Amino acid sequence: MKSPWSFALVRLAGALAFAIVGGIIFGRVDLWLVVVLGGYLALQLSSLYRLHRWLRHRREEQPPDLGGVWGDVVALVGRIYRRKNFHKRRIVQLLREFRRLTAAMPEGVVLLSPQLEILWFNRTASQLLGLRRKADFGMRIDNFIRQPDFVHYLQSAPQTSPVVVRFGPAEDRYLALQIIPAGDQQLMLARDITRESRLEAMRKDFVANASHELRSPLTVINGYLDQLADDPSVESIWRSPIEEMRRQAERMRLIVEDLLELSKLEASGKDAALDPVDIGGMLAVIRKEVMAREQRPREIVLKLESPARLLGSEAELHSIASNLVSNAVKYTPAEGSVQIRWWSDAEGGHLAVTDTGIGIPAQHLPRLTERFYRVDRGRSRKSGGSGLGLAIVKHALQRHGGRLTVDSAEGKGSTFTCHFPAQRLLVTP
Ligand code: ATP
Ligand code: MG
């Protein structure tokens with residue numbers, strides 16, 4: 001296509017030539033030039049006027065029918081206008097879809113500025129947290145949720161796990177809140193976990209009550225069984241069944257005791273006490289106790305490499321150590337050996353129990369600390385284990401800010417190590 005500009009130039013040249021020829025033929029070239037160029041200018045002005053009027057009233061008026069460069073400008077403006085409209089409609093549509101999606105989300109979403117001011121939230125968030133549209137925009141989130149746990153969480157965010165806060169006028173709702181960094185800003189996810197929390201509380205209560213209620217009848221049964229076992233008037237045919245009943249009743253008593261201990265650990269707040277505990281002395285006593293057992297590995301070595309004491313709850317620390325040691329003793333044959341080691345370094349205090357026993361196949365390691373989890377049910381039943389020992393260890397350790405690592409090879413032996421944070425170490429001469 002020929003450019004409209006060459007057409008416009010040809011037209012201007014034609015008009016000039018016409019004025020010059022006319023001026024030469026009829027005299028007064030200057031006058032002819034003025035008149036012809038004036039006419040040309042008037043024509044351009046009228047096109048400019050029509051374009052201007054159309055641009056101002058674009059919605060109501062059809063585009064003017066202008067030729068040449070002006071026609072091209074009209075077509076270009078029309079195209080830009082249509083494209084802009086198209087994008088606008090798309091953005092509005094996307095925004096609507098986004099609103100619909102976030103409104104349908106079961107989780108509350110709040111967008112926070114780097115200064116933690118509320119920038120935006122979805123419908124669920126406004127229902128869960130009682131946020132009001134417009135009125136609460138710009139408010140700091142910690143003005144809204146003032147629970148110390150949440151404020152502490154905000155300061156230490158980002159964290160992978162959510163924090164649970166009680167909310168609502170009667171603080172009867174449990175919300176799980178999580179902060180996720182989103183560029184400069186942060187997203188806060190809120191989930192109502194009232195139902196789960198109530199069920200969890202009911203479960204804990206149930207286990208605690210059931211274990212407590214089972215304690216007295218079991219004591220009675222154990223008492224009578226002990227009497228029967230010692231009674232010479234009982235016929236010998238009953239000896240073996242009574243012995244078995246005693247063993248099983250004792251096993252039940254141990255399970256109930258373990259369950260009660262777990263419930264107590266769960267019920268007693270977050271952090272363990274801060275009493276200075278002499279780990280070395282405690283381990284020596286535990287070693288002496290297991291040395292007195294009939295069935296035990298030949299060698300039980302105690303290596304105390306640190307005089308440091310640990311700030312914690314004596315009963316819980318004893319429970320941790322004795323559970324690990326009795327596992328090592330239980331799962332190691334008589335010709336094997338067990339080593340108990342306590343040492344400290346820059347990271348904190350460490351308690352390791354190593355045995356040369358049967359070991360644990362790798363696939364069981366991740367689930368070892370679950371309640372009632374046993375590697376070999378048949379074998380554990382024989383040895384009287386219930387699978388609660390390591391669950392107790394894990395809980396008690398958590399309350400001391402510690403963690404458990406397990407290193408084991410089937411047939412070769414295992415090492416269970418408890419790592420305690422340096423803040424709980426008490427190193428005094
Ligand atoms: P409980 O301690 O309640 O009497 P338990 O010893 O069977 O019973 P846990 O102490 O929780 O339960 O241990 C869970 C399982 O882990 C055990 O059943 C056993 O299979 C395995 N296990 C634990 N410690 C060792 C170990 N030192 N060597 C080999 N296997 C082990
Ligand atoms: Mg055990």
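**Packing within the domains**

A: By an assignment that is automatic or taken from a database, the protein chain is divided into domain 1 (4–99), domain 2 (105–192), domain 3 (196–267) and domain 4 (275–426). This is a predicted model, in which local features need pLDDT of at least 70 and side-chain atom pairs count only at pLDDT 80 or more, while totals for chains, interfaces and linings use all residues. Residues are numbered from 1 along each chain as its sequence is written, chains are lettered from A and ligands numbered from 1 in the order in which they are written, and side-chain values use heavy atoms, with hydrogens and water left out.

The centres of domain 1 and domain 3, taken over C-alpha atoms, are separated by 100 Å.

In domain 1 (4–99), helix 1 (residues 4–26) and helix 2 (residues 29–56) pack with their axes 7 Å apart and at an angle of about 150°; axes are lines fitted to C-alpha atoms over the stretch in contact, and angles run from 0 to 180 degrees between N-to-C directions. Helix 1 and helix 2 are therefore roughly antiparallel, a term for angles over 145 degrees, whereas those under 35 count as roughly parallel. Their contact (heavy atoms within 4.5 Å) includes A8, L12 and F18 of helix 1 and W32, L33 and Y40 of helix 2. Helices here are DSSP runs of H or I with at least four residues, and strands are runs of E with at least two, numbered from the N terminus.

The axes of helix 2 and helix 3 (residues 68–104) come within 11 Å and cross at roughly 10°, and these two helices are therefore roughly parallel. Here Q44, S47, L48, L51, W54 and L55 in helix 2 meet W70, V73, V74, V77 and G78 in helix 3.

At least three residues come from each of domain 3 and domain 4. Leaving aside residues up to four places away in sequence, I320 touches V393, A396, L397, C418 and F420.

Definitions and conventions
Parallel < 35°, antiparallel > 145°, perpendicular 65-115°, else oblique.
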